[in-house]
Amino acid sequence: MKTTSAGLTARQIYEQKARRKSVAVATLSTVVVMVLIVILLPMTPGWDRVRSSFFDWDILAKTFPSLLSAFRWDVAIFLWCTPAIAFLGLFIALCRDARAPALFPLRVFGVLYTDIFRGVPVILIVFLIGFGVPGLGLQRPWNSPYIWGSLALILTYSAYVAEIFRAGIESVHESQRAAAKSLGLSHSDIMRFVVLPQAIRRVVPANMNMLVALQKDVALLSFIGPVELLRQAGVHKSLLANFTPYVGAAIIFLAVTIPVTRFADYLIAKQNKARS
Amino acid sequence: MKTTSAGLTARQIYEQKARRKSVAVATLSTVVVMVLIVILLPMTPGWDRVRSSFFDWDILAKTFPSLLSAFRWDVAIFLWCTPAIAFLGLFIALCRDARAPALFPLRVFGVLYTDIFRGVPVILIVFLIGFGVPGLGLQRPWNSPYIWGSLALILTYSAYVAEIFRAGIESVHESQRAAAKSLGLSHSDIMRFVVLPQAIRRVVPANMNMLVALQKDVALLSFIGPVELLRQAGVHKSLLANFTPYVGAAIIFLAVTIPVTRFADYLIAKQNKARS
Amino acid sequence: DTHCAAGKTLSPDVLTIATGNPAYYPWVMDDDPTSGAGFESAVAYEVAKRMGFEKDAVVWTRATFDQSIQPGAKEFDVNLQQFSITEDREKVVDFSEPYYSAAMAVLVRQPTIDGGATAELASLKDLKWGVMAGTTALETVNSAIAPADTPLLYDDNVNVVEAMKANQIDAALFDLPTALYLSAVVLDDGALLGQFAADRSENPDQFGILMEEGSPLKACVDEALSAMKDDGTLAAIEAEWLQETTGVPLIK
Amino acid sequence: MSILRLSNVTKSFGPTEVLRGIDLDVNEGEMICLIGASGSGKSTLLRTINLLEPIDEGEIRFEGHDISLPGVAPQPIRRKIGLVFQSFNLFPHMTAVENVLLAPSRVFKRSRKDLLPDVTQLFERFNLRDRMNAYPDQLSGGQQQRVAIVRALAMQPKIMLFDEVTSALDPELVSEVLETLLKLKAQNMTMILATHEMGFAREAADRVCVLDGGKIIETGTPDQIFNAPRTKRAKEFLASVL
Amino acid sequence: MSILRLSNVTKSFGPTEVLRGIDLDVNEGEMICLIGASGSGKSTLLRTINLLEPIDEGEIRFEGHDISLPGVAPQPIRRKIGLVFQSFNLFPHMTAVENVLLAPSRVFKRSRKDLLPDVTQLFERFNLRDRMNAYPDQLSGGQQQRVAIVRALAMQPKIMLFDEVTSALDPELVSEVLETLLKLKAQNMTMILATHEMGFAREAADRVCVLDGGKIIETGTPDQIFNAPRTKRAKEFLASVL
Ligand SMILES: Nc1ncnc2c1ncn2[C@@H]1O[C@H](COP(=O)(O)OP(=O)(O)OP(=O)(O)O)[C@@H](O)[C@H]1O
Ligand SMILES: Nc1ncnc2c1ncn2[C@@H]1O[C@H](COP(=O)(O)OP(=O)(O)OP(=O)(O)O)[C@@H](O)[C@H]1O
Ligand SMILES: [Mg+2]
Ligand SMILES: [Mg+2]
């Protein structure tokens, strides 16, 4: 094979051609599929009805601003729940890792806690705590559904986050602990300086995915009162008897969750690559 | 150190003592904590109210049979969704892995699919599909909320399961593919005989966790009509103005989810151990 | 200040009234309770006035149905949202005297009537029913009609109607004014198949104003309501906002 | 007679040039050892011959045809060129015999029953008869590598490539694998080995090539290379490992 | 003078006896090499000396005290006994100097500023001065192992244990680590090495112990062991690795 005048080898030229060809094929097949969808879908019998029920542009335009402003509640609830979840999750993870016999009740507590809160649907916890606890006779403002609904989310998610942290702690190779021990470091120093910093770093992507799930589950608070995005969409739906506001809500969720999910996927892929 | 007459070394005797001591300490501390809970809790001012609101034995006994019978719907929905999710999830995972240029639309479809269905709250998908599609003019029995609600779950969960499968496929070490390639096997044979069998085995625990999540999210179908466990508990709650039926529902969920979660955790731990 | 509610409200000199989110026609017109238009809105302002709160001393808030009938402290002084008075609920919240006795009406779509459904219990048994969960309508369906298929349950009116549009259910039971509104406005081909009269002895459905358990306002509200009944104001409001309902056949 | 001829083979990963003009002529029945520091390009070279990596420039002639030409279907070539890696060779979900049977049964479309006698004989020949039904994790590292060699042989390759097949093994297990290689040599198999086992290269190789920075800086008989290296880099490398 | 004396050290993992009565006497300034097949118990022996594994029977006397007695606090002992593993030694989230500073700053409660001059000197001594602020993954394998050695030395141990510190390294990197060990020997550090590097053991060890099945089957000067092994197992083992 000789280098040609353009500075490209015959192979590179061939590959360029092949690449151009495959781009062309890909474009063509994509266009064909798109055209089929765009032409065929409106030909289905119920299309008009579905379009006006789910994709009514005027309704979307009219309701979108209020949806956006309701979404601020989701964001706010999310923001105050996240640190609490991280903190509580780490605490529970450490409970489950406690080894001294006197701490046995802590370990049992950790196990029960994660079992219960991972085992019951979030929505049930939201109902139980969000409706139930304020019903015990708390006075305003301490009976706010924002407080107790958020607590329900915090309790549930910290159980998942605790398990993630625990997996992180266990994923730190035994020989790291052995190396730290062999230097004469104490148990707590080993956990604090050697194990946790590595564990927490490793579980960042998994925790990002939990954040996405949390962001979506904030919507469940709407069932106990707070007028956040989902409830606002539901109100519009009820008044307009049209489901387009739900589509608007879905768009808002996607705008937040896709980038974060993607970023988490990217981090996980990077980590897997670094590990292999 | 000498072996004693009982056949135990001094060290073993010491360790036996230490073990006995730590069991004693653990038991003692657990008992103390339990006693504190049992004695102190009923002394709190709101205890009577909590007990009658959440733990009313009569109400539990009265409502539990109907809760159990509603739970059969959860089980049934779960059972017919699971195979569909596994199948669709694997298909989407393979779509995302498609490499030929003519399959580019499939790849795009796979990406869009997982992004959308992982990004929107399940409850929204349930509303949109459960009410929307039957609205196209389907006749009974094809417009049943059981069918379309299940489809909503299937679509959502297969997006997650697809990502799990994809992670499994990617976790198969590159050199396994290389070894298969070097033997002259074709692309599809490599996927079928070498990659997938390993990938699927590896993601069993992760998929078990998805099953637990699915079992819990079946409850969301109640929002479009079906009277399953959560709805049945809600009805009792509204009419009796008492939260005990929710506690009953939580107990039923826990009875199913804890064993499965535990089993999945055990499998994951075993896998991690085998890998390190 | 001499009126009986003085000092008993959440915020001094202001009466906080809750309604649903959204609030439905004809109980509140255009989801705007402050207009005084709509039956419950009008009743609320009248009751408030008789308790010593002029129009500008009334503040509206919103609360979901479930949220309102939970035990515990409330975010409102009084709440009108078509709450049916029941014994179980009386244990955890307080209700005023009834301000409306609701007939319950069966909402269907025209094709169901064309399919042969009539206002007779036997015919109703074979329909597929949908009901709002958590309301007393469910008990009425189960006890009075006892349908062959278990009813499907929904969280709000529009979901019931949507299921009806999707042909997932044939019939739904609502209080008559709501049913009239849904059939006339929300459904293209809605119709009322029949009604259970308001003065029925079994499962009577009477709406009360809801207050926190042990609310000191209950006496004042009751006093205002009975005065309104006595001087015919309540009947006048009802006549103004709620349609004549005699056109709907009674269920046999 | 030359079975494989590389001329001016060049390969970059992005900006890093990994192979910088490799010329190599392999005769039938010859055993060639590639030695060189880590990162010098030994593995990459073997992978390009097996068409696992496309090359940028140059040509690879196998049985007279330029198999590096773009558009050449790789599968039929790969069957004739066996490749055994350092580790992760066997498919862990299949027994030894299933590992060996997979490729011939799929590629030649022959039934496993048909294939079994030949394959059993191969296992026999390499003293693995009694391990045929074991799963990879029930085999020692040395046994695993020998099964990998059997698997490649079952495709009846014309040439075998070995990429540091002993370097992941415990020292006591190295010799059994090296003996297997000697057995293959005795049967006149053409072989290219990338190896760190200098002792073995010295004793067994027909020719030794020293790679450095993606180039063959020296090639010759083991005697020439180990006793009288000509280039400075080769001298340094040999000093560091001997 | 004896600094470490093991008598009849016995250790099982469940049903498998891993150490079966080890007797070993280590004098100050001595360098002892443990050799033996994989699984013979070399690593376990070193780990028991560092109190990472409790023993079942026997005693371990360090500076005259039986440190294997149940109830002895392990931390103060471990400080005085440095241990370097085959790999995964360094804490990957800390730079080289942070790795080295962690233990002395926490254990001796001295400020990092206080410690820095001494530590810098250690880095200097082992030619790592310019790599002090690199993270482990920015270091070559050989550099990593040398930092691990520096980290152990920063605790001013009385004795250093090395567990196959070169076996995960590329061949060209082995020599720099072995040179470091020679440097330590020149400074009269007491050392026990488990190693597969027979050449090094032969040249550098004061004494070589051959382990087999959890027992020291032979011990003597390198000359005795490598040229005239007495036991049959030792002969076999040496034949397989030389
Ligand atoms: N897929 C790849 N992408 C980028 N760089 C690569 C890739 N594979 C190898 N390299 C680089 O190519 C160079 C040569 O690698 P190669 O594995 O061929 O060396 P080697 O001689 O086999 O070394 P070793 O003795 O460690 O196996 C190295 O610098 C390596 O980092
Ligand atoms: N934590 C453990 N649990 C159970 N068995 C173990 C454990 N650690 C080691 N063993 C077993 O003890 C025996 C001795 O292992 P050890 O690691 O001490 O050998 P070694 O001489 O260091 O071998 P190598 O040269 O492979 O490092 C082996 O059979 C091993 O499987
Ligand atoms: Mg290599
Ligand atoms: Mg070892």
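This is a predicted model: local features need pLDDT of at least 70, side-chain atom pairs count only at pLDDT 80 or more; totals for chains, interfaces and linings use all residues.
View 1. Zero disulfides are present over all chains of the structure. C33(D) accordingly takes part in no disulfide, and the nearest cysteine sulfur, belonging to C209(D), is 9.0 Å away. A disulfide requires sulfur atoms within 2.5 Å, so a pair at that cut-off is what the term denotes here. C209(D) is likewise in no disulfide, its nearest cysteine sulfur being that of C33(D). The relative accessible area of C209(D) is 0%, and C209(D) is therefore classed as buried.

View 2. R151(D) belongs to helix 5, which comprises residues 141-153 of chain D. Its relative accessibility is 3%, so R151(D) counts as buried. Beyond residues up to four places away in sequence, R151(D) touches A179(B) and L183(B) of chain B, together with N89(D), L90(D), F91(D), N99(D) and V100(D) of chain D. The side chain of R151(D) reaches the backbone oxygen of N89(D) at 2.8 Å. N99(D) is 52 residues from R151(D) in sequence, while their C-alpha atoms are 6.7 Å apart in space.

**View 3. Two annotated transmembrane spans of chain A.** An unreviewed UniProt entry annotates "transmembrane region" for several stretches of chain A, including residues 75-95 and 146-165. Residues 75-95 of chain A are 100% helix and 0% strand, with end C-alpha atoms 30 Å apart. For residues 146-165 of chain A, the composition is 100% helix and 0% strand, and the end C-alpha atoms lie 27 Å apart.

Key:
Residues are numbered from 1 along each chain as its sequence is written. Chains are lettered from A and ligands numbered from 1 in the order in which they are written. Side-chain values use heavy atoms; hydrogens and water are left out. Helices (H or I, at least four residues) and strands (E, at least two) are DSSP runs, numbered from the N terminus. Buried means under 20% relative accessible area, exposed over 50%, partly exposed in between (1.4 Å probe, protein chains only). Contact means heavy atoms within 4.5 Å. A polar contact is a pair of N or O atoms within 3.5 Å; within protein, one must be able to donate a hydrogen and the other to accept it, and residues adjacent in sequence count only if both atoms are side-chain atoms. UniProt positions are given in the numbering used here, feature names are shortened, and annotations may be inferred rather than shown by experiment.
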